[in-house]
Amino acid sequence: MSKKVCWPVFLYISGYHLFLAIALPIYLMNYTPSLGLVLTSLLLVFVSGMAITTGYHRLYSHTCYKTHPIIEAILLFFGSVATQGSALRWANDHRLHHAFVDTDKDPYTVKKGMWHAHILWMFFRTTPIDPKIVSDLSKNKMVAFQHKYYVWCMIGANVLSFVAVGSFFKDYLGAFMFAWWVRLFLLHHTTWCINSLAHYWGSQNYSKEHTAVDNYLISLLTYGEGYHNYHHTFAYDYRNGIRWYHFDPAKWLIWTLNKLGLAHDLKRVNNYRITRALILQHKEELIQHLRDPFYSKKVSEIAENLSQKLIQLQAMLDRAQIRTLKKSLKEDWREWKRILKTIQKESLLQT
Ligand SMILES: [Zn+2]
Ligand SMILES: [Zn+2]
């Protein structure tokens, strides 16, 4: 793989880090931003981070749900504020990450080191977008527009955000420092932790076939993306934290949008499948650490029994779904015949 430097990204990211390292101490020595301005900047960190997880990640990269165009426009606006590339570029890299996780084809593989996964991969990312990987997204007019005019969208959305905060608090310089650059620094490093820390520090509850880990603390830092072992095992689920107490604001937002009629086709993994993955992973763990062959055999047998029964239950559930579908199909068919009869009877066809 070529090691050509991607200069625009390198200069942008290192440039603003350098700018902050010099300008922030000077600013703080001369001014004190209001508490409201600092809290609003933190709110903007959260909102733009949520646009990445709810929009770029779960909506576009994994198509875990569908949503209303107005919600898409909002997600793309704050996705532009987040300054992480266009949704199309982001989804291209992320789909590669899932398909080739931990290999050389994974753009941010942690196998090349934590810093590579966190930030360095972007400095050397020179591969173009593969149209086959994101063919579905290229057809989405809003995504295509944001991609084509990405630099303008990104600058426009950021200027608009800091001017709005600045005019509200009558402090444009404070807003420029905090609502733009400090906010961007915090947002970047927290989302980048999903590629670095969430592949490094935590437990592997569902699978050891990849380096992804579950970690409650990381989920607090990453807008709910800390249940990364679950996510890599069941990537199409709209949830990352599947328990009600798991911190996953993107899951709560998508669920709320669904209840309001603004999101639909939410994908969820069947509970039996999740339990089966948990049991099989736990079995592997136990067998590795059990010294007594009798107990190893017993654990294997019980886990295998449970696994088979869970598969059967899952199939039964699917059959129930088929029955419901067949029933509704019959009703539709009767309706179809009824309407044909009415059309004929009432002579509703033009000659
Ligand atoms: Zn990952
Ligand atoms: Zn993902």
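Colleague: Quick one to start: is Asp-104 buried or exposed?
Modeller: Asp-104 counts as exposed, at 53% relative accessibility. Here exposed means over 50% relative accessible area, buried means under 20%, and partly exposed is in between (1.4 Å probe, protein chains only).

Colleague: Before we go on, what sort of model is this?
Modeller: This is a predicted model, where local features need pLDDT of at least 70 and side-chain atom pairs count only at pLDDT 80 or more, while totals for chains, interfaces and linings use all residues. Residues are numbered from 1 along each chain as its sequence is written, chains are lettered from A and ligands numbered from 1 in the order in which they are written, and side-chain values use heavy atoms, with hydrogens and water left out.

Colleague: Back to Asp-104, then. Which residue does Asp-104 form a salt bridge with?
Modeller: With Lys-112; their closest N and O atoms are 3.9 Å apart. A salt bridge here is a side-chain nitrogen of Lys or Arg within 4 Å of a carboxyl oxygen of Asp or Glu. Lys-112 is partly exposed, with a relative accessible area of 39%.

Colleague: How many salt bridges does the structure hold?
Modeller: 10. One of them joins Arg-89 and Asp-93, at 3.2 Å from N to O. Both residues are buried, and they lie 4 residues apart in helix H4, about one turn of the helix. Helices are DSSP runs (H or I, at least four residues), numbered from the N terminus. There is also a network of salt bridges that links Arg-58, Glu-225 and Asp-248.

Colleague: New topic: the zinc. What coordinates the zinc ion (ligand 2)?
Modeller: Histidines: His-57, His-62, His-94, His-98 and His-231, each through NE2, at 2.0 to 2.2 Å. Donors are N, O and S atoms within 2.8 Å of the metal (3.2 Å for Na, K and Ca), and water is not among the atoms, so sites may look incomplete. Along the chain the donors follow the spacing H-x4-H-x31-H-x3-H-x132-H.

Colleague: Where do His-94 and His-231 sit?
Modeller: In distant parts of the chain: His-94 is in helix H4 (residues 87–99) and His-231 is in helix H11 (residues 228–233), 137 residues apart. His-94 is buried, with a relative accessible area of 3%, and His-231 is buried too, at 1%.

Colleague: How is the chain divided up?
Modeller: Into domain 1 (7–264) and domain 2 (272–345). Those bounds come from an automatic or database domain assignment. The C-alpha centres of the two domains lie 34 Å apart.

Colleague: And what area is buried between domain 1 and domain 2?
Modeller: About 740 Å², with carbon and sulfur atoms giving 57% of that. Buried area is the accessible area (1.4 Å probe) that two parts lose on being put together, summed over both. On the domain 1 side, Tyr-206, Lys-208 and Phe-234 supply 58% of what that domain buries against domain 2, more than any other three residues.

Colleague: Which residue forms a salt bridge with Lys-208?
Modeller: Glu-285, at 3.3 Å from N to O. Lys-208 is in the loop between H9 and helix H10 (216–221), while Glu-285 is in helix H13 (residues 271–289), 77 residues apart. Lys-208 is partly exposed at 43%, and Glu-285 is partly exposed at 29%. Across the interface of domain 1 and domain 2, the rule finds 1 salt bridge.

How values were computed:
Helices (H or I, at least four residues) and strands (E, at least two) are DSSP runs, numbered from the N terminus.
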